[in-house]
Amino acid sequence: MSKAGESGRKAPDTARLQATLGHVFADQGLLTTALTHMSAEGPRLESYQRLEFLGDRVLGLSIADMLFMRYPLAAEGDMSRRLADLVRKETCAEVALAWDLGAFMRLGEGEILGGARKNKAILADACEAIIGAVFIDGGYAAARGLVERAFGERLLKPVRPLRDAKTALQEWAQGQGYPTPTYTERGRSGPDHAPVFRVAARIAGLVDAEAQGQSKRLAEQAAAEAFLRREGLWSETMESDNG
């Protein structure tokens, strides 16, 4: 048997992977298919491509479901931006790396030598295939549980690109279960024709963050940004994305 055939047929022990996923497959063949790249020996339909197609749709539905429940006051546009950020291939590849999915994949010898176990495009596809396989094996509840475990923390992070600091702070507060932020004027200085406003961003149960600006609107944005920076949710990169 050729090396390519050996690499395609040999299936690693997936017990560790299933423990990481939090799902033990009733049909182990589904998991094997989800881990099989088209370069591995065997009929094309035995690769993960069909499961990837299904998993992509299950992922989108699961994330949309989670966003709808997590952010009850968010506008459709805000949820759409966040959904797009969470289901993109780069995010799926990050999840696959966290699962150490590459170590379990069935690949042809050429793909192995080419570094396919760390190829982000392949890992992203395999991530979606795993989701599709869990959906078939355990139903929507099992698949959504997998998505929530894998993508849940990312659900709470500000999306890219951020529209503005006030929107980002409101989204974060809702995601954490806090009330909607409020803004209170703390002072005003400067001449009448060029006043400077000092505003505090307030979230009940947390310490206020203050900032100033040449209008109340700008001061509120600055205060929201100060709050986000303090919580480690705003960076210079995010600021440049808004520029």
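**Contacts along the chain**

I looked up how far apart in sequence the contacting residues are, where contact means heavy atoms within 4.5 Å, and found that residues 24 or more positions apart account for 58% of the contacts in the protein chain with a separation of 6 or more. I note that this is a predicted model, in which local features need pLDDT of at least 70 and side-chain atom pairs count only at pLDDT 80 or more, while totals for chains, interfaces and linings use all residues. Residues are numbered from 1 along each chain as its sequence is written, and side-chain values use heavy atoms, with hydrogens and water left out.

I then looked up the elements and found twelve helices and three strands in the protein chain; helices (H or I, at least four residues) and strands (E, at least two) are DSSP runs, numbered from the N terminus. Of the 243 residues in the protein chain, 42% are buried, where buried means under 20% relative accessible area, exposed over 50%, and partly exposed in between, with a 1.4 Å probe and protein chains only.

I checked Leu101 by itself, and, leaving aside its neighbours within four places in sequence, Leu101 is in contact with Leu17, Leu35, Ala96, Leu123, Ala126, Cys127 and Ile130.

In H6, I found Thr91, Cys92, Ala93, Val95, Ala96 and Trp99 to be buried, and the buried residues of H6 pack against H2, H4, H5, H8 and H9. Asp100 is placed in the loop between helix H6 (89-99) and helix H7 (109-113), and Asp100 is partly exposed, with a relative accessible area of 34%.

**Cysteines**

How many disulfides does the structure hold? I found zero, taking a disulfide as a pair of cysteine sulfur atoms within 2.5 Å. The sulfur of Cys92 has its closest cysteine sulfur in Cys127, 4.5 Å away, so the two are too far apart for a bond. Cys92 is buried, with a relative accessible area of 0%, and Cys127 also counts as buried, at 0% relative accessibility.

**H4 against H9**

I looked up how H4 and H9 are placed, and their axes come within 9 Å and cross at roughly 65°; axes are lines fitted to C-alpha atoms, for helices over the stretch in contact, and angles run from 0 to 180 degrees between N-to-C directions. The residues that meet include Val58, Leu59 and Arg70 in H4, and Tyr140, Phe151 and Leu155 in H9. By kind, the residues of this contact divide into eleven nonpolar, two polar and four charged, where Ala, Val, Leu, Ile, Met, Phe, Trp, Tyr, Cys and Pro count as nonpolar, Asp, Glu, Lys and Arg as charged, and the others, Gly among them, as polar.

Is Gln18 buried or exposed? I found Gln18, which is in helix H2, to be buried, with a relative accessible area of 6%, and, leaving aside neighbours within four places in sequence, in contact with His23, Val24, Phe25, Gln28 and Leu31.

Leu83 lies in helix H5 and is partly exposed, with a relative accessible area of 26%; not counting residues up to four places away in sequence, Leu83 touches Gly60, Ile63, Ala64 and Leu67.

Ile112, found in helix H7, is partly exposed at a relative accessible area of 28%, and I noted that Ile112 and Ser39 are 73 residues apart in sequence and 9.7 Å apart in space, C-alpha to C-alpha.
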